[in-house]
Amino acid sequence: MRIVSVVGGKAADDVNAAAYDSINPARTAETVAKVRLADGPTFAWSCSVASAAQREWERVPAPVRGRVVASMGRLVEANAEELALLVTEEIGKPYAEALGEVREIVDTCDFFLGEGRRLYGQTVPSEMPDKNLFTFRVPMGVAAVVTAGNFPVAVPSWYIVPALLCGNAVVWKPAEYAAASAHALYRLFAAAGLPDGVLNIVFADGPATYTGLEAALEEGTVQKVGFTGSTAVGRRIGELCGRYLQSPCLELGGKNPMVVMPDADLDLAVEGALFSGFGTAGQRCTSLGTVLVHHSVHDEFVARYARAVAAAQVGDPRRDVLYGPMLDHRFAERYEEYLGWVEPHHTVVTGPTGRITQDNPRGGFDGGGGLFYHPVVVDGVRPGDRLFMEETFGPIVGVTAFGGLDEAIALANRPGYGLSSSIYTTDPKAAFRFRSGVGAGMVSVNNSTSGAEAHLPFGGNGKSGNGSRQSGMWVLDQFTRWQAMNWDYSGRLQKAQMDVAEIIPDLDFRL
């Protein structure tokens, strides 16, 4: 499969462009797609094409744009199995998870269909007679969207669908290692009847994207930037946008804590820790980072967790497994660095570590030439350890003991991330104390740190983001600006705060 950027409805191919091979991480000898990478000027040009197309798209009535979004959802639903299989092939996500990811696109489209008839403004009473005040939501213009590849189709839809609904045009730069999945989603969305140039897809590496985005911001052809990725890159995007007085939507990494209280259902907590710690091979922004376990149940929890991990299936993502391979070679190499953070005072309670090979198998599974890694649970992690403080994008989970809820909340907040969090308890008081004390944008009670629904706000604080939110009605504030209008039909100039009728009370009155 050969893939190129599509700008203004036409292939934007440069025979001299750099090439990238998107591989199957479960069988690294297989190439899923050969991708032509665009340069910075091409990215900037695509933003100018989108800017021209956006003016006409904005004039399309919002309910009609909503029907286009509905068609996008129906097309994805009709092609769900094929799209999920492609996701599994390209990034190694287990098929059941990939199918759930595709379902999330459908849910997102279903939600925003209705919002096409609910882009409400307000009629506001004036302080003066014969005058009305109004507010309107107006589109931003062009949204440049840069997404990671661990959720190659669901997360982009969180940006693209509401941006289009609100009347914006989009330039989407997906991850190179998930190019085939992204290209398939683009084709499905385009088939819904989007005018040429309203949605554009540009394949480029990080430096070219940054250069092109900087040029587009300078030219004034981008009015909103959405970015999902690492905290380090998010800082650079935020600094760049700040230079042009723009506020980006940043959805960054996480070091997500799970608190296990003395009264917790330990089997339920273990089930949640298994899924959120190792689902997608720990390569989610919402993956479990550290389990904070009350000392009274620490030993029992760790023993049960270790048994559950030992029994979990790792392997071919086309089968019924907990997780498959790492997303790409770059993530495998980085994960090997994280394994180097295990210190002498730590205890690995889950057996072998590192890549699964013939010399380092997991039971009867030898890795089959894929980027498969052993699941790792590390007990005895201390506050201040790199394993405690920094995001580890891969199948590794730390365990730390605590003595009381206030200590658990302090430990949960210490790394400075603030995306997702979880507490297992049967005490409502503890649940609400945790909710009010933790700095995360999302809190789960008796559920894992992973999992989002299309109609709830998704996003983080601190190192996890700049407080922007995706999903649900809240994301509309990312892709619209509020515009105020006053209409004076009195036939004379009425000056606010000056020509105001006043009714004088008798403030000296007493009973």
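Trainee: How many bridges join strand β19 to β20?

Mentor: Strands of a sheet pair through backbone hydrogen bonds, either parallel or antiparallel. In this predicted model, β19 (residues 420-424) and β20 run parallel and are joined by four bridges. Ser420 stands opposite Met442 in β20. Two strands pair if DSSP finds at least two bridges between them. Strands (E, at least two residues) and helices (H or I, at least four) are DSSP runs, numbered from the N terminus.

Trainee: What should I know about the model before reading on?

Mentor: Because it is predicted, local features need pLDDT of at least 70 and side-chain atom pairs count only at pLDDT 80 or more, while totals for chains, interfaces and linings use all residues. Residues are numbered from 1 along each chain as its sequence is written, and side-chain values use heavy atoms, with hydrogens and water left out.

Trainee: In what order do the seven strands of the open sheet stand?

Mentor: The order is β15-β16-β17-β14-β13-β19-β20, with mixed pairing. β15 (347-348) and β20 each have a single partner strand, so these two edge strands are left with one side that has no neighbour in the sheet. Elsewhere in the sheet, β13 (residues 256-260) and β14 (residues 288-294) run parallel, joined by five bridges. Pro257 has Thr290 in β14 as its bridge partner.

Trainee: Which residues of β20 lie on its covered face?

Mentor: Met442 and Ser444 do, whereas Val443 and Val445 make up the uncovered face of this strand (residues 442-445).

Trainee: Is Pro94 buried or exposed?

Mentor: Buried means under 20% relative accessible area, exposed over 50%, and partly exposed in between, with a 1.4 Å probe and protein chains only. Pro94 has 4%, so this residue is buried. Pro94 sits in the loop between α3 (80-91) and α4 (95-115). Beyond its neighbours within four places in sequence, Pro94 has contacts (heavy atoms within 4.5 Å) with Thr88, Pro317, Val321, Leu322, Tyr323 and Gly324. Gly315 is 221 residues away along the chain, yet its C-alpha atom is 9.1 Å from that of Pro94.

Trainee: What is the volume of the largest pocket?

Mentor: On a 1 Å grid over the protein atoms alone, a pocket is an open set of points with protein on both sides within 12 Å along at least five of seven lines; a cavity is a set where a 1.4 Å probe fits but cannot get out, and lining residues have an atom within 4 Å of a point. Points are joined across faces, edges and corners, and a volume is the space filled by probe spheres set on them. The largest pocket has about 1000 Å³. Its lining has 38 residues, with Phe227, Gly229, Ser230, Val233 and Arg334 nearest the centre. Two or more lining residues come from each of α7 (206-219), β11 (224-228), α8 (231-243) and α11 (329-339).

Trainee: Which element gives the most to the lining of the second largest pocket?

Mentor: That is α4, with seven residues. This pocket has a volume of about 400 Å³. Its lining has 22 residues, and Glu104, Phe151, Arg284, Gly451 and Ala452 are the closest to the centre.

Trainee: How many cavities of 30 Å³ or more does the structure hold?

Mentor: There are three. The largest cavity has a volume of about 70 Å³. Among its 14 lining residues, Gly254, Ser287, Leu288, Glu391 and Thr392 lie nearest the centre.
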